[in-house]
Each structure stands twice: as structure tokens, then as C-alpha cells.
Amino acid sequence: MKTESLLSFEEALEKFDPALGLEVHVELNTATKMFCGCPGAFGAEPNTQVCPTCLGLPGAMPAVNRVAVESAIRIGLALNCSIAEWCRFARKNYFYPDMPKNFQTSQYDEPIAFEGWMDVEVDGTTYRVDIERAHMEEDTGKSLHVGGSTGRIHGADYSLVDYNRAGIPLIEIVTKPIMGAGEKAPEVARAYVQQLRELIVALGVSEARMDQGNLRADVNLSLAPRGAGGLGTRTETKNVNSFRSVERAVRYEMQRHAAILDSGGSIKQETRHWHEDTGVTTSGREKSDADDYRYFPEPDLVPVAPSREWVEELRGTLPENPTAKRARLQAEWGFSDLDMRDTVGAGALGLVEETIAAGTTPQTARKWWLGELARRANDSGTDVTSIGVTPTQVAAVQALVEAGTINDKLARQVFDGLLAGEGSPAEIVAARDLAIVSDEGALGTAVDNAIAANPDVAAKIRDGKVAAAGALIGAVMQEMRGQADANRVRALILDKLT
Ligand SMILES: [Zn+2]
């Protein structure tokens, strides 16, 4: 792979102003697909959830999924959008092997929702992100390229297509250019996607798991000479699949654009691929203009004309406003501004909330998610929302700690087991034999052994230097493989020596 030259982030900001644009696709969790009755569940055997309509066979007629329209309107309302009184679907014509009809049924100049906004908070500053539109469309199928080293089509021996995903309802949410974020542009992009995901989860309209592709972000970026205003030529980095990658992709593209512009070059309008492993983007295809898609109104579907009564009824089902909700939770949980900012910043607000609902205290929920689990997510290049441990499991681990079955250190081994899919926390404690030894006989023997092995330490304690007990406790804990209650061990040692 050719290495592109980059300007340092600082130098890029000295010379240029970034403008962001985000396009987020949300896969709805409706029971059936957008235009047919096929189930939309994830993970079924390839090509088992298909019918003539979603395979695009001649003569098949589509019909609009009412629940999908309802979800689209609720998303639009939650983003402070206007809802169209009348709108149509359109055919977007292009060829893709995993798109059986050779057109995608989408919306073009008549989106269901338009002109909204969402406030995004980064380090205590609020940035208003204007929403241009949210429109309905259908997903494509999925290609699997076999035989190459990269999983991409280049170098593959052959490709397989799974049409289960073809026709799953999608809502595409498009922002207007986000200007004025300056050095915070990468973080604003990340925070926007995080808060949008939070909103989608609160609405209950999607599983919103980035690792399963339920929520996919395309990141547009352009630079303009500092202070000049206007917009430069943009690139669009496709399908960035974690919050962290959104931030990294913006930062990378800012530095790459800056290097090209600074050396007198010009930016090619194109799509780019994000490479998680190396943290770079590479050239995709030249970006088509809307004209190339030959959009025209879909003749097989009637227009969507939601009544104002229905829209108002749906407005009544919206969840609490996210900003108000954060303020309420912070007060309820007794978190400092910093605690709250870290929790929101890690995308862990919903996880902490659910863990507390499952029975832990706010501080313990925060400790596990932001300490242990955020670290592990970071090590494996993912987000806590995708790590594969649930709030219920975290609460179960904490319940074992509080019952004295395990301590915090042993709890970490339980998380190892959870991530390896070894069953419930209780099953893992049993299978890995992690429970703290409460058998006084076994503890007594370990304490006697430690005293015998460390006669000088024992002598100090007998002379009243109680602080020296730490060394003996350490020796006992080592012999017991950490599976002892340190306070109990301490009491036993002092009992025997003083
Ligand atoms: Zn179907």
C-alpha cells in the first residue's frame, strides 16, 4: 500500500478550516423487510430470508412497511425535523452484485424528514449539528470475497452473495456541513455518532450495533484555507464501524488533505476506504454525481402521506430529550461533571444506566465500564458498546463480589471468561474454580506457611510493627492464587502473631 504524506494535525489546523459531513445509515429492527414480508433477523443461514420481491424477480410487487415509516417519522421528530406531508420513493439506478434489482429503492428529492438539528457536547462545549434530511431506503445484500488475504474483492478467488439483508429497511440521516469545530472536528464527529446512536437506542427502532453493521457512518471531510470561508472538495470515507474509527478517520483525512493542498495539489472527489488495522484511508471509487444515478419516482409504490394526527401521535411516543436526560441522570447518580463527561465520551451512558437498573450502584457500574471494560475495548480496537459483555452480566459479576464469592481481581478473570463465551458469571466462577476460599483450615495452613517462610517479618509483627503484615498477606494471597479475602487473611495473621 502506498504511504500518503501527511501534515501534522497542528499544522493542518494552522492553515485550514475543516468542514465535516456525516451520513449515518440505521438498519431498523422491524419484524419484516421494507417492501416485503421476509423476516429481517440477523444471522440466519445465507439466502433463507428472501422472496421474489426482495430478489427483484420480474412481476414482483413491493408494498411499504408501515412500522418502518413509523420508525422513520419518530427518528425525524427526535432530530427536530419537519415531517413531509407527502413524499415518494425513488429508484436510484446503479449496478452492484449484491443488489438484485440493479436499482435501490430510496428517496431522492422528497425525504420523509428534513431540516432538523441535534446538539452535540464535546468537553463541555455544545455544537449544533444541522440535519439536512432523514430518508427511507432499503439495504443491499452482502458479498463475501473468498480466497484473498484482505477479504476484499481484489485478489479473491471467488465471491458469494447473501441476499438476506437485501430489502432490510434503512434510514439514512444526513447532516449539513458542520463548520467551525476546528481542532475539535474529529471529536465532534465521534460525539455526533455516539449521541445519534444513543437516541436510536432510546427510540428502540434499531439494535444499533456498529459491529454488526446496524449503524454505519460515512464521514465526509473537506478543508478550506483558514478564514476564507466556503467549502473545499470533499472526500467520503465509507462504512466506518466504530466511534473511535470515526474520530481517527476524520483526523487522518484532515492531515492527508492538508498535505495535498499545502503542496499545491488538489483533492479528488472520491469515496475512501477506512483501514482499521493501519489507521489509514485508501482511494475507493470516484464519487458519482446525483445525475449519474438517473433517479426517478418509483412507479410501483404509492406516495407516503402521513396524516398530521399520526405525526402528533408519534411525537407523543418520543423518549426524553437526551440533554435533559443526561442532566437528570447526573443528578440521580451523583456523578461529577468529569465523571459524566467520561461516561458519555466512552459511549457508555446507556450501559451504565442499564447496569444500575440491573442492581449495582452508579459508582460500581461506572468503575467496571470505564475502567476494566473500556480498557479492554480499547486494547482490541473496539468500543464498549460492541465488546460483547452485557449490563446484566456486569451486574451479576458485581453481585458475586458483594456476596464475597470473588474479589475485584478475580472478577477480571470472570470478564476474561465472559469475553471467551464461557457462560454466565456464576458458571465461569465454578468452571474456573475462582471462588474465594473461605475454608478456615486451608487459610490457616497458608498463613502458617507464610509465617514459617518469613521469620523476620513475623518477628517484626510480634514486636508491634503491624504494618509489616502486608508482606505476609501478599505471600498468602500468592499461595491461594488470589482466591482469599485479604481482610480475613490479615485478621488471621494478627491473631496468630499478636
Ligand atoms: Zn422478501
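Q: Why is Tyr 108 called partly exposed?

A: In this predicted model, Tyr 108 has a relative accessible area of 33%. Buried means under 20% and exposed over 50%, so a residue in between, such as Tyr 108, counts as partly exposed.

Q: How do you know whether Tyr 295 is buried or partly exposed?

A: The relative accessibility of Tyr 295 is 21%. Buried requires a value under 20%, so Tyr 295 counts as partly exposed.

Q: What makes the rings of Tyr 108 and Tyr 295 a stacked pair?

A: A pair of aromatic rings is described by the distance of the centres and the angle of the planes. For Tyr 108 and Tyr 295, the centres are 3.9 Å apart and the planes stand at 5 degrees. Rings pair if their centres lie within 6.5 Å, and planes under 30 degrees apart count as stacked; therefore this pair is stacked. The structure holds seven aromatic pairs.

Q: Which parts of the chain does the pair of Tyr 108 and Tyr 295 link?

A: Tyr 108 lies in the loop between strand E4 (103–106) and strand E5 (113–122). Tyr 295 belongs to the loop between strand E14 (280–286) and strand E15 (296–297). The two residues are 187 residues apart, and the pair links distant parts of the chain. Tyr 108 and Tyr 295 also belong to one aromatic cluster, together with Tyr 94, Tyr 96 and Tyr 293.

Q: What makes Arg 128 a residue that lies over the face of Trp 117?

A: Arg 128 is at 3.7 Å from the ring centre of Trp 117, and the distance cut-off is within 6 Å. Likewise, the charged end of Lys 367 sits over the ring of Trp 368, 4.6 Å from its centre.

Q: Why is the site of the zinc ion called tetrahedral?

A: The angles among the four donor atoms are 101 to 114 degrees. Four donors count as tetrahedral if all angles lie between 85 and 135 degrees, so the site is tetrahedral.

Q: Which residues are the protein donors of the zinc ion?

A: The donors are Cys 36 (SG), Cys 38 (SG), Cys 51 (SG) and Cys 54 (SG), which lie 2.3 to 2.4 Å from the ion. The cut-off for a donor is within 2.8 Å of the metal. Along the sequence, the donor residues follow the spacing C-x1-C-x12-C-x2-C. Both Cys 36 and Cys 51 are buried.

Q: How do you know whether Arg 256 is buried or exposed?

A: Arg 256 has a relative accessible area of 3%. Buried means under 20%, so Arg 256 is buried. Its place is in helix H4 (residues 243–262). Not counting residues up to four places away in sequence, Arg 256 touches Glu 4, Ser 5, Leu 6, Thr 235, Glu 270, Arg 272 and Thr 281.

Q: Why does Leu 22 count as buried?

A: Leu 22, found in strand E1, has 0% relative accessibility. The limit for buried is under 20%, so Leu 22 counts as buried. Leaving aside neighbours within four places in sequence, the contacts of Leu 22 include Ile 173, Tyr 192 and Val 193.

Q: Which residues have the most contacts inside the largest nonpolar core?

A: They are Ile 173, Tyr 192 and Val 193, in a core of 73 residues. The largest share of this core, ten residues, comes from helix H3 (residues 185–203). Apart from it lies another core, of 33 residues, among them Ile 356 and Trp 369.

How values were computed. Residues are numbered from 1 along each chain as its sequence is written. This is a predicted model: local features need pLDDT of at least 70, side-chain atom pairs count only at pLDDT 80 or more; totals for chains, interfaces and linings use all residues. Side-chain values use heavy atoms; hydrogens and water are left out. Rings of Phe, Tyr and Trp (its six-membered ring) pair if their centres lie within 6.5 Å; planes under 30 degrees apart count as stacked, over 60 as edge-to-face and the rest as tilted. Helices (H or I, at least four residues) and strands (E, at least two) are DSSP runs, numbered from the N terminus. Buried means under 20% relative accessible area, exposed over 50%, partly exposed in between (1.4 Å probe, protein chains only). A charge sits over a ring if NZ of Lys or CZ of Arg is within 6 Å of the ring centre and within 35 degrees of the ring normal. Donors are N, O and S atoms within 2.8 Å of the metal (3.2 Å for Na, K and Ca); water is not among the atoms, so sites may look incomplete. Four donors count as tetrahedral if all angles lie between 85 and 135 degrees; four count as square planar and six as octahedral if opposite donors are over 155 degrees apart and all others between 65 and 115; anything else is irregular. Contact means heavy atoms within 4.5 Å. A nonpolar core is a set of buried Ala, Val, Leu, Ile, Met, Phe, Trp, Tyr and Cys residues joined through side-chain atoms within 4.5 Å.
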